[in-house]
Amino acid sequence: MATAGAAVDDDDGSADKPQAAEPLAAHNQIEGTNVTVPPGSQNFAGVTCPAGQVPTGGGFRTSGFDIYATDSYASGTGWSVFARNTGTTAQQVRAVVVCTVP
């Protein structure tokens, strides 16, 4: 049995190639709901992992170019984002979390 990343010898004289490691658990990506950020303001967006899972990464999605995240971080069992809208129209932000079973 080959270990993760170990070379496999196929006895045909060709160079051994490392084999890809199989993930130990699923890494689900969960997207939160859109949150409106009024012009010149900032707002919070958050999303949580399903029960029994923990965040392993995350980020955010926005609706335009006039909005950017001032903070994006793991928070408890989910992901939190603060976004600022520098434009003149309302924009949307939503948090995204990658979850796995510990």
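This report describes the strands, pairings, disulfide and nonpolar core of a predicted protein model.

## Basis of the description

The model is predicted: local features need pLDDT of at least 70, side-chain atom pairs count only at pLDDT 80 or more, and totals for chains, interfaces and linings use all residues. Residues are numbered from 1 along each chain as its sequence is written, and side-chain values use heavy atoms, with hydrogens and water left out.

## Overall composition

The protein chain contains nine strands and zero helices. Both element types are DSSP runs numbered from the N terminus, with helices (H or I) requiring at least four residues and strands (E) at least two. Along the sequence, the pattern is accordingly written β-β-β-β-β-β-β-β-β.

Of the 102 residues of the protein chain, 25% count as buried; buried means under 20% relative accessible area, exposed over 50%, and partly exposed in between, with a 1.4 Å probe and protein chains only. The protein chain exposes about 6,500 Å², of which carbon and sulfur atoms supply 53%. These areas come from the Shrake-Rupley method with a 1.4 Å probe, and for residues only the protein chains shown count as cover. Among contacts (heavy atoms within 4.5 Å) with a separation of 6 or more in the protein chain, 64% involve residues 24 or more positions apart.

## The three-stranded sheet

Three strands form an open sheet in the order E5-E8-E7, with antiparallel pairing. Two strands pair if DSSP finds at least two bridges between them. Strand E5 (42-48) and strand E7 (67-75) are the edge strands, each with a single partner strand, so one side of each is left without a neighbour in the sheet. From one strand to the next, the twist averages 20 degrees; axes are lines fitted to C-alpha atoms, for helices over the stretch in contact, and angles run from 0 to 180 degrees between N-to-C directions.

Seven bridges join E5 and strand E8 (residues 78-85) in the antiparallel sense. Val47 lies opposite Trp79 in E8. Strand E8 also holds Ser80, which is buried at a relative accessible area of 5%. Apart from its neighbours within four places in sequence, Ser80 is in contact with Phe44, Ala45, Gly46, Asp71, Ser72, Tyr73 and Ser75.

## Strand E9 and its partners

Strand E9 is mostly covered, with seven of its ten residues buried. Its pairing with strand E3 (residues 28-31) is antiparallel and runs over four bridges; here Ile30 stands opposite Val97 in E9. Strand E4 (residues 35-37) is joined to E9 by three bridges, again antiparallel, and the bridge partner of Val35 in E9 is Val93.

E6 and E9 also run antiparallel, joined by eight bridges. In that pairing, Phe60 stands opposite Ala95 in E9.

## The disulfide

The structure holds one disulfide, defined as a pair of cysteine sulfur atoms within 2.5 Å. Cys49 and Cys99 form it, with their sulfur atoms 2.1 Å apart. The link is left-handed, with -90 degrees about the S-S bond. It connects distant parts of the chain, 50 residues apart: Cys49 is in the loop between E5 and strand E6 (54-62), and Cys99 is in strand E9 (residues 91-100).

Cys49 counts as buried at 9% relative accessibility, and Cys99 is buried with a relative accessible area of 0%.

## The nonpolar core

The largest nonpolar core has 13 residues, and those with the most contacts inside it are Val93 and Val97. Such a core is a set of buried Ala, Val, Leu, Ile, Met, Phe, Trp, Tyr and Cys residues joined through side-chain atoms within 4.5 Å. E4, E5, E8 and E9 are the elements that give two or more residues to this core, and E9 gives the most, with four residues.

Beyond its neighbours within four places in sequence, Val93 is in contact with residues including Val35, Val37, Ala45, Phe60, Ile67, Val81 and Ala83. Asn43, placed in strand E5, is partly exposed, with a relative accessible area of 30%. Asn43 and Val93 are 50 residues apart in sequence and 8.5 Å apart in space, C-alpha to C-alpha. Not counting residues up to four places away in sequence, Asn43 touches Val35, Thr36, Val37, Val81, Phe82 and Ala83.
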